[in-house]
Amino acid sequence: MSDYVPTVETSEGAQEMRPRSATDPMELLREQGAVLRLPEGVNVDPADMDVEAGEDDTMIINMGPQHPSTHGVLRVMLELDGETVLRSKPVIGYLHTGMEKTQEDLMYVQGSTNVTRMDYLANFFNEAVFSWAVEDLLGVEVPPRATWIRMLMCELNRVSSHLLFMATNGMDIGATSMMIYGWRERELVLSFFEAVTGLRMNYNYIRPGGVAADLPDGWEDHVLSLCDAIPPRLDQYDTLLTEQPIFRDRTEGVGVITAEQAMALSASGPVLRSTGASWDLRRDMPYWFYDEVEFDVIVGSYGDAFDRYAVRLNEMRESLRIVRQIVEKMPKGDYRVQDKKVTPPPRARIDESMEALIHHFKLFTEGFKVPPGETYVAVEAPRGELGCYLVADGSSKPYRCHIRDASFANLQTLPVMLRGGFVADAVAVISSIDPVMGGVDR
Amino acid sequence: MSDETVVDEAPEVEAASATEPEPELVHGAPVVWARGMQVAFPALDAYYDTVGALKADGFDFCADLTAVDYLVHGPRPLPAGIDPERFEVVVNLLSMSAHRRIRLRAQVPAAEPVVRSLFELYPGTEAMEREAFDMYGIRFEGHPDLTRILMPEDWEGHPLRKDYSVGRVPVQFKAAPAAR
């Protein structure tokens with residue numbers, strides 16, 4: 001390719017570590033944001049490093065990518081002085097499958113199938129933000145019922161995602177039985193997802209133009225039974241974890257980050273809110289119908305691992321509060337736009353109408369064309385701001401589809417949180433960020 | 001949904017355009033409104049200063065930084081005075097106090113894809129710039145640790161470039177001696 005510019009900086013650059021004594025606050029922030037990146041397999045002589053803890057006392061070890069508490073394939077390089085973490089560096093990319101590149105080869109109608117697999121614990125959010133971006137470029141107005149269904153599914157998805165956090169967070173810290181309870185409650189929510197979409201995960205339910213199918217008969221009862229069943233279980237979590245001295249000792253004051261640091265490092269979601277920064281896109285930049293439901297934004301005060309746990313626990317209660325309001329307010333009407341160029345005709349029509357057959361065939365072979373343009377939309381996912389930057393060139397495939405995943409940015413706070421803590425705290429801290437590597441690496 | 005956003009921010013458009021002459025400028029960069037969001041097109045040498053001035057204006061959160069390769073979609077609407085280049089670095093800034101966003105699109109030439117790093121302004125762009133470097137080969141000057149982040153460290157090429165083929169996975173039984 002004539003335009004191809006070879007880049008020589010692809011290999012590892014020189015490792016650089018500044019003397020700790022000669023760092024002003026700005027440089028310290030720089031170091032915390034970006035430290036330690038070592039070529040694999042290179043032995044580092046600790047004598048080369050100027051650190052407070054004597055020359056022979058520090059060692060650099062890898063935690064992960066096969067460590068059970070790194071939530072998948074996160075690798076963290078730790079510089080240790082005994083049990084104390086001096087510096088750390090998250091290394092990612094082990095789950096990178098090039099989904100953004102794949103997206104450029106898939107039609108818009110196939111897009112939801114792909115993006116839903118990114119953050120695989122918050123599938124509905126991925127689908128919703130992608131579909132919203134496509135609709136934004138198309139200029140399509142989604143029927144209100146479709147938007148309310150999206151809100152319903154997203155809020156329940158937030159509950160299921162946070163329930164899984166409760167389970168894994170409990171287990172990482174040693175409350176092993178929490179693992180069983182968290183998964184058990186999550187299964188209740190997933191059973192509703194299965195009733196609606198036919199699948200427990202990777203739903204491909206929210207699509208450009210609306211949702212794939214209307215809610216099944218009796219969905220109100222199913223949802224309300226969830227709203228009744230889960231809060232008592234959350235109270236049990238309070239007993240099991242919140243009031244448990246060991247759990248509190250392991251999380252309180254561990255992995256502290258300030259609001260300024262979190263904002264500077266582009267962290268969002270519960271990580272940001274745990275510091276006391278009250279920022280929730282649902283309330284502060286309302287999208288969909290979030291200005292028509294009442295809920296509180298949960299904020300912490302210390303920015304430690306316990307606050308991040310508490311924020312998530314109470315967010316579930318708020319989400320269920322929203323869900324109850326959605327059940328009351330759910331309007332009648334279409335669940336997707338009746339634009340035959342964007343959404344397929346009903347199955348029954350295909351047998352009767354030649355036109356419907358043609359539309360159906362065209363839609364699934366060629367897809368629909370999206371006018372040129374670019375847009376960025378964002379929703380408040382369980383882990384923070386989930387954005388979609390979409391560029392269309394007028395064809396039926398995205399020219400560029402970038403997903404801004406919250407975990408990807410949130411992981412940058414890890415070196416700040418781990419600094420000065422113990423290795424055992426590292427487990428609690430990684431768990432409290434709740435990274436999903438599928439979303440981080442995409 | 002997009003309309004709501006337009007309604008929300010429409011008064012600010014009028015306020016901004018009332019004080020400034022046409023075409024609308026933000027810190028010297030021409031601005032257009034796209035789907036309820038301000039999009040600024042800073043020149044490459046003014047890119048860092050524009051972002052810095054916006055940060056001083058209260059855009060305290062860098063939500064996203066990414067890049068686009070316009071190799072096969074060259075002609076695209078740009079404000080007068082902005083020449084299209086192959087790459088674009090796209091920055092999404094968010095003001096948590098004013099509850100609004102602004103997007104910057106800086107044109108980056110293919111011959112010398114070098115942009116000044118925003119790390120000094122927003123340390124959170126560290127991973128994002130590394131991703132843009134990894135995927136597009138755009139070099140960020142002043143970045144503390146510009147290495148590959150998603151691809152293996154010895155990888156050649158930049159996968160999200162448009163001249164980078166998606167490739168094929170060889171199907172093993174094709175090469176195997178056929179039974180027929």
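In chain A, 69% of the contacts with a separation of 6 or more are between residues 24 or more positions apart; two residues are in contact if their C-beta atoms, placed from the backbone, lie within 7 Å. The model is predicted, with local features needing pLDDT of at least 70 and side-chain atom pairs counting only at pLDDT 80 or more, while totals for chains, interfaces and linings use all residues. Residues are numbered from 1 along each chain as its sequence is written, and chains are lettered from A and ligands numbered from 1 in the order in which they are written.

Chain A has 442 residues, of which 52% are buried. A buried residue has 20 or more other C-beta atoms within 10 Å of its own; an exposed one has 12 or fewer, and a partly exposed one lies in between, with C-beta atoms placed from the backbone. There are 18 helices and eight strands in chain A. Helices (H or I, at least four residues) and strands (E, at least two) are DSSP runs, numbered from the N terminus.

## Domains of chain A

Chain A is split into domain 1 (13–91) and domain 2 (99–440), with bounds that come from an automatic or database domain assignment. Between these domains, 21 residues of domain 1 are in contact with 21 residues of domain 2. On the domain 1 side, the elements giving two or more residues are α1 (25–33), β2 (75–81) and β3 (84–91) of chain A. The largest share of that side comes from β3(A), with six residues.

By class, the domain 1 side has ten nonpolar, eight polar and three charged residues. Ala, Val, Leu, Ile, Met, Phe, Trp, Tyr, Cys and Pro count as nonpolar, Asp, Glu, Lys and Arg as charged, and the others, Gly among them, as polar.

## Chain B

Chain B contains four helices and eight strands, in the sequence order α-β-β-β-α-β-β-β-β-α-β-α. Of its 180 residues, 42% count as buried. Residues 24 or more positions apart make up 55% of the chain B contacts with a separation of 6 or more.

## Contact between the chains

The contact between the chains takes 52 residues from chain A and 45 residues from chain B. On the chain B side, β4 (61–69), β5 (87–95) and α3 (125–136) are the elements that give two or more residues. Of these, β4(B) provides the largest share of that side, six residues. The chain B side divides into 24 nonpolar, 13 charged and eight polar residues.
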